[in-house]
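Please look over the structure below with the charged side chains in mind; my notes follow as numbered points.

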Amino acid sequence: MLGMILVRSTTPVISWFADILGMLMSLIYNMFDKFGIENIGICIIVFTVIVKLVLFPLQVKQQKFTKLNSVMTPELQAIQKKYQNKRDQDSVVAMNEETKAVYEKYGTSPTGSCLQMLIQLPILFSLYYIIASIPAYVPAVHNYFEPVSNYVVDSNLDENDYKKADYDDFTDYDKFYILNTAYDKYVKGKDYKYVDRMLKTIDGQDDSEKVNDIIAKYSDEQWSDLSKCYENSASFVKDINNAEITESQWKKIIKDDDAREEFLTDIEDGEVTLECNKENVDTAKSNINKVYTFGPINLGESPSSAMGLALLIPLISCLAQFFSVFISMRNQDDSAMQNNQMANSMKVTMYVMPLMSGFIALSVPAGLGLYWALTGIIQAVTQLILINYFKNVDVQDIIDKNMEKVKKKKAKKNIDSDKVTSAATTSTRSLKSKANISTKNVVDSNKKYKSGSMAEKANLVKSINEANNKNKK
């Protein structure tokens, strides 16, 4: 699965956001580096807070829509009830027009809540690439990988069968591959399984940037395998040389005459020239671990493979998402939740989303899980703050501001917004006239709203619907 998130994104839109946010991550890293702090965990925390602050206005808009929706819901439900079981074209058109009129009356649209999510999607996807592929977006981190990644790439020469190969093009990976193939086929003796494991992890990665992403997720055991490959390379070559593999046998591995001759000369001399060495590998490991270690957790490894305290990341992510969805549900209008078909799906979401969040954080590199968990915590906290704030905000003030924005937009298009608003209120009057109750009692229950306000009219419709339900009983 990790192979699917290699290097920089090339997807339009997502790659644009990723490049911009990648520069932010690099800036944060360089800022801390000036104070001698080279740690991706701290950078991810600061990065997450900045991103959430940038996206905070969208969260405010979402909360405004939720507040407004509690007033619109009675009218929308009345329209749905009015056209219930009517599937003819005229009824469908009329229902859509009346529904549209309600949204226009409140200066919003059915996509009011979806739009914010759509705006955030490319940002979220781009963040996924950045956190999963830090070396591709932070040059200072990338530099620690180069002493190894430049030399252990798979050159993929003629689909790995080396039929027409120039020996000078062989990378360290190619040389280990050839030696390992010869050893497995024609030599028996020492255990060089760590060579097999190293080759397996790098297999097919024909670009140093891709190798960066692979070794960024290396465990201590995998680093040890890579180090052993170089440490025991001379012994490996000696064992193969002593096996006296025949010319015909070598031809099955290296089919290009010139490349085979040069390679065998190195073997006969007791050494195969490798561009990298054990010291470079150990130095790279030390530097990369320093950057990726956050407390006792390696942010390059997935919690499922690292285990231990790393498992706290998916657990915190799961709990944070649960509280975020739970808070959102508690903020919904009770009557709307009872009558709205979305209520059941939201209840399912309350359990499914946190579990999915925990599973994702368990499977991906811990650095990405840290971002995901921290995002959930900030989301839950800011939701609580906004909910408490909007409890004291008059819904009519939100409507008035919305209508003011609508007027400005329509004025630019030479549209009479007053006529539109007048037409939009028709459905409310129609519902009121059809109700079989005294409106005096209804009006008395709306003293908390401004006289003549949209909120008062919306609550009037809600009261009419409740009274109608009682009469039916």
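1. Asp257 forms a salt bridge (a side-chain nitrogen of Lys or Arg within 4 Å of a carboxyl oxygen of Asp or Glu) with Arg260, and their closest N and O atoms are 2.7 Å apart. The two residues are three apart in helix H13 (residues 257-268), and are therefore separated by about one helical turn. Arg260 has a relative accessible area of 4% and is buried (buried means under 20%, exposed over 50%, partly exposed in between, with a 1.4 Å probe and protein chains only). Through salt bridges that share partners, Glu247, Asp257 and Arg260 are joined into one network.

2. This is a predicted model, in which local features need pLDDT of at least 70 and side-chain atom pairs count only at pLDDT 80 or more, whereas totals for chains, interfaces and linings use all residues. Residues are numbered from 1 along each chain as its sequence is written, and side-chain values use heavy atoms, with hydrogens and water left out.

3. Arg197 forms a salt bridge with Asp225, with the closest N and O atoms 2.9 Å apart. Because Arg197 lies in helix H8 (residues 193-202) and Asp225 in helix H10 (residues 220-231), the pair ties together parts that are 28 residues apart in sequence. Arg197 is partly exposed at 38% relative accessibility, while Asp225 is buried at 5%.

4. Glu98 forms a salt bridge with Lys82, the closest N and O atoms being 3.0 Å apart. Glu98 lies in helix H3 (residues 89-105) and Lys82 in helix H2, so this pair links parts 16 residues apart in sequence. Glu98 counts as buried at 18% relative accessibility, whereas Lys82, at 29%, is partly exposed.

Terms used: Helix = DSSP H or I, 4+ residues; strand = E, 2+ residues; numbered from the N terminus.
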